[in-house]
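Grab a pencil and work through these exercises with the model open beside you. Each one has a task and then a solution in steps.

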2 protein chains.
Amino acid sequence: MSEKIPYKIYLSEDEIPRQWYNVRADMKNKPAPLLNSKTLQPMTHAELSEVFCEELAAQELNETDAYIDIPKEIRDFYKMYRPAPLIRAYCLEEKLGTPAKIYYKFEGNNTSGSHKLNSAIAQAYYAKQQGLVGVTTETGAGQWGTALSMACSYFDLDCKVFMVKVSHDQKPFRREVMRTYGASVTPSPSDTTEVGRKILAEHPGTGGSLGCAISEAVETATNTPGYRYVLGSVLNQVALHQSIIGLETKTALDKYGIKADMIIGCAGGGSNLAGLVAPFVGEMLRQEADYQIVAVEPASCPTLTRGVYAYDYCDTGKVCPLAKMYTLGSGFMPSASHAGGLRYHGMCPTLSQLLADGYMEARSVEQTAVFEAAEIFARVEGILPAPESSHAIRVAIDEAMKCKETGEEKTIVFGLTGTGYFDLMSYKKFNDGVMGDYIPGDDEIAAAIEKLPKVEK
Amino acid sequence: MSEKIPYKIYLSEDEIPRQWYNVRADMKNKPAPLLNSKTLQPMTHAELSEVFCEELAAQELNETDAYIDIPKEIRDFYKMYRPAPLIRAYCLEEKLGTPAKIYYKFEGNNTSGSHKLNSAIAQAYYAKQQGLVGVTTETGAGQWGTALSMACSYFDLDCKVFMVKVSHDQKPFRREVMRTYGASVTPSPSDTTEVGRKILAEHPGTGGSLGCAISEAVETATNTPGYRYVLGSVLNQVALHQSIIGLETKTALDKYGIKADMIIGCAGGGSNLAGLVAPFVGEMLRQEADYQIVAVEPASCPTLTRGVYAYDYCDTGKVCPLAKMYTLGSGFMPSASHAGGLRYHGMCPTLSQLLADGYMEARSVEQTAVFEAAEIFARVEGILPAPESSHAIRVAIDEAMKCKETGEEKTIVFGLTGTGYFDLMSYKKFNDGVMGDYIPGDDEIAAAIEKLPKVEK
C-alpha cells in the first residue's frame, strides 16, 4: 500500500467550496426548458415561483452563471458533516487483486444517511429567506424526507412530508427519524388533499406511489399560505447544489495529483450523479480534459438504457411541469420486487442532455448482482452501502476486474451516496437467498412510452 | 463563532496513536485481580488463556506497561474509520445560549455505529494471530455483535454470536447486519449448548438475558477446538483498546491549545468511559493536571450511584471469573421499560477503583430526560445519537445550562459513543409520549446485593 495517499482524504473546512458549479453554463446544447403542463410554453420565473421558492426558481432557470455563491448559513451547516471524505479503497483493491486504483466519495456520514442533505439545506435556507412558514415534499424510500426534516429543523421551518403509504408502513424507522426532527409525516394517498381523496375513492386500499405523493405535496403547498413545494432530485437546481460532491472530489484528487480515468455514479432522478460528475464534465465541455463517465441504473427501471429522450410529465399525477429527459413514460412502475430507490421514470434534464451529447454512457445492472457487490464492499471496506449506491459499486468492481485481466492501472472514482442502515430488510432477502431480478419486457416499456404526451420539440 | 477552532477537528492518519495507554500502570491502587470462580484465587495467565486469546489474557493482567504497541494490522484497520472527529458543538451552544464551550468525540462514523469496533478489531486480530478458527460472543442491544462481525469478516475469522432472544426477535436489522458480515447469529437461550438447554427446560418461552447469552458463548468457545470467547466491555483489556478514544481526544485538544474542565461519558460496562477518560485520568494520577470526570448511568440501572464496591460474578450464569467492581449484584435485572444498553449490573474494575479513589464522580439520569436531550442534540447538531450516548448529552446540557446561570466559560468534553439508527422504536415511544421512567426501589437493590458472593477482600 502506498504510504503517500491516505485511506481517507479529508479536506479542511476552509476547502469546502464557496460556490456551486452550474454545468449548464458550459454546455453548448442547453437542457430543454421545463414546459407549463397546460400551455406547453416554457415555464417563466413567475410561474415556477408559485410552486418553488423564488431564489430556487431563479436557479432552475439559470443557464449562464457558471458559479453561484453558497450563502454563509448553508456553508455553516455544511461544516457539520462536510467535507465528505474521498476514500481510497485499498482493502477492496487488495481483495480483488486488481491493479486499478479505486476511490469513492462517501456521502453517508450524516444522519439522513445520504447526499440528499446537500440540497435539502439549500432549499430550506431559501424558503426561510423568503419568509415562508414551511415546505411540503414527498418521500419514497425516505432519504430525501429525512434530509429535509433535518434541514427544516435547523432553520425552524415546518416540514410536511407525504410518504408513499407502503413505505410509511414498511419503514417505521425512517418515519421516526423524520418525526424526531419535528416533521409531520402523512401516509399517501391521504384524505388531507383533493387528489388524495380522489385516488382513495378510485383505488381503496392502494399502497400509494411517488407520483401520487408528489401531487399531494404540490397541492398542499399551493393551497397553504406561506408554503412551497421542494423536490430532492431531477431538477437542475438540485444538480446545482449537489455539485458540491464533485467539487470536493476534484479538489481532493487535485491535491494529491490524482487523475481520474473513470467516474461512476448511480442514477435514479440524477441528483447524486449530476453533482458528482459536474466539474469533470465541465472540463470535458471546455475541452480541458477527458473522462469516461458512467451512469449506472437498475435493470428493473432502465430509464437511460432503454428509455427515450422526449418531453414527459415529471409526476404520475401530471400536475408538475413537463421536462425533456430520458424517460420510460410517467406511467412506468418498476417491479415491486425492486429494492431501494432509483425507481424514477425520468432523469434530470441536464444529465439527459449530456447523455444525448455523448458526454457520458449508461449501464444497467441487476439487483442480485448489486447486493453481491454491496456485500463484498461492506466486508472489506467496513461501510454498509445503500442499495442505490451499490449500483455504482457493482460497476466499479466489474471495471476493476477487467483491469486485473488487462493489467491496466486505471483510476476509478465512484460515488458512495449513502448507507444501508434502513435497507436491511432488502439485505435480509439477499442473505436468505430469496431476492430476485426483474427486467421489464420490451412490450411493457413500449406500452409506457406509447403514452408519452405529444409535444412538439 | 470562533473562526479559529473548526467545527470538526480531524487529526491526520499519521496522528492516530501508535500505542494504547494502560492507565493501570499509573494507578497507585491497582484494580483488584479477577478471581477463579471455583478456587477464589487470582486468575493466572494459563487459566485466562483457556477462555481468552493468550495475548489478550496477557493484556488483561498487565499492570505495569503504560503503553502497549498497536500492531500495524490493527492500525491499518483503524484508518478505515479513524481518526474519529472531535466536534465543537457550536450549534448546540448557540441553541442553549450558554457561554460553555462544548466538544464531543464522535465514535459513530462506522457501520457498527459505535466505539465497540475499536476493541473488536484488536480482539479479532489477536485471535487470528494465535491461529484460531473463530470466536464466540454474546450481544444484547447488538452494537458489540455488529462490531465483532465486521472485525472477524476483515480477518476472515468465524464469528458465532449469541443474541439475547428478545433482541434477536425485536431487532431484525441488527441481526441482518451481522449476517451480512458473515456472522452466525443464534437466539439465546438456544438448544446448541448445555446451559441453553437447561435454561429452556426450566424457563420455557423465556426471552433470554445477557447473562445467559454469555454462558452459552463461553461454553461454545471452551468446547469447540480453535475457538475463544471475546467480550466487548467490562474487561481491562477492552478499556486498554478503547484508550484510543481518549488519546485522540487529547491530541486534538492539545493541537488547538484547549484545556478541558470537565469530561463526561456514559457508563454501562465502562468500555467507552474508560477509554475516553484514560489519558486525562493518567495526568491526574501523575499530578500533572486536574479534571472533573463524570460517569453517567441510567437511573434504572444505577451501578455506580447505588451499587456496592465488592467482588461479584461477571455473568448471571456464574461461569466467568469474579471481579471486584461496583455492582448491583449479578441477579439484578433492569426494568424491561429501559431502552438501549447500559444495563449491566457491574462495571469495569479499573473504573471502579478510580471511582473508589475519588478520581471521578457518578450521576444517574432518567430516560425521558435522556431522550429529551437526544432530540435537542439531534435537531441542532444533525447527528441522531444512540440512547446510551445520550446519557452523556443530558449531563453536558445540564452543565452548560448551569454555566448560563453563572456565566462560567467552562470547557466541557463528552463522548458521543454512537448513533441511534437501530434504536428508533425507542425514539418512537418517546415521540408518542408513552416512554416511562423506572427507578428501582431500595428494597429491590438491597435484595440483589444481598445475594453477592461472600469473598474475603
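**Exercise 1: Salt bridges inside chain B**

Lys101(B) and Glu409(B) join their side chains in a salt bridge, 2.9 Å from N to O. A salt bridge here is a side-chain nitrogen of Lys or Arg within 4 Å of a carboxyl oxygen of Asp or Glu. Before going on, note that this is a predicted model, in which local features need pLDDT of at least 70 and side-chain atom pairs count only at pLDDT 80 or more, while totals for chains, interfaces and linings use all residues. Residues are numbered from 1 along each chain as its sequence is written, chains are lettered from A and ligands numbered from 1 in the order in which they are written, and side-chain values use heavy atoms, with hydrogens and water left out.

Task: work out where Lys101(B) and Glu409(B) sit in the chain, then look at the pair Lys171(B) and Asp423(B).

Solution.
- Step 1. Lys101(B) belongs to strand 5 (residues 101-106) of chain B, and Glu409(B) to the loop between helix 16 (387-406) and strand 15 of chain B, 308 residues apart. Helices (H or I, at least four residues) and strands (E, at least two) are DSSP runs, numbered from the N terminus.
- Step 2. Check the cover: Lys101(B) is partly exposed at 25% relative accessible area, and Glu409(B) is exposed at 53%. The cut-offs are under 20% for buried, over 50% for exposed and partly exposed in between (1.4 Å probe, protein chains only).
- Step 3. Now the other pair: the side chains of Lys171(B) and Asp423(B) form a salt bridge at 3.4 Å, N to O. Lys171(B) is in the loop between helix 7 (165-170) and helix 8 (172-180) of chain B, and Asp423(B) in the loop between strand 15 and helix 17 (424-431) of chain B, so this pair ties together parts 252 residues apart in sequence.
- Step 4. Both Lys171(B) and Asp423(B) are buried.

**Exercise 2: The sheet of chain B**

Task: find which strands of chain B stand at the edges of the open sheet, and follow strand 11 of chain B to its partners.

Solution.
- Step 1. Write down the order of the seven strands, 1-4-5-15-10-11-14, with mixed pairing. Two strands pair if DSSP finds at least two bridges between them.
- Step 2. Read off the ends: strand 1 (8-9) and strand 14 (361-365) of chain B each have a single partner strand, so one side of each has no neighbour in the sheet.
- Step 3. Strand 11 (residues 292-298) of chain B runs parallel to strand 14 of chain B, with five bridges; Glu297(B) is the bridge partner of Ser364(B).
- Step 4. Strand 10 of chain B also pairs with strand 11 of chain B in the parallel sense over five bridges, and Cys266(B) has Val296(B) as its bridge partner.
- Step 5. Six of the seven residues in strand 11 of chain B are buried.

**Exercise 3: Where the chains meet**

Task: describe the interface of chain A and chain B.

Solution.
- Step 1. Chain A gives 43 residues to the contact and chain B gives 43 residues, where contact means heavy atoms within 4.5 Å.
- Step 2. About 4,200 Å² is buried between the chains, 56% of it from carbon and sulfur atoms. Buried area is the accessible area (1.4 Å probe) that two parts lose on being put together, summed over both.
- Step 3. Four salt bridges cross this interface.
- Step 4. Lys8(A) forms a salt bridge with Glu13(B), with the closest N and O atoms 3.5 Å apart.
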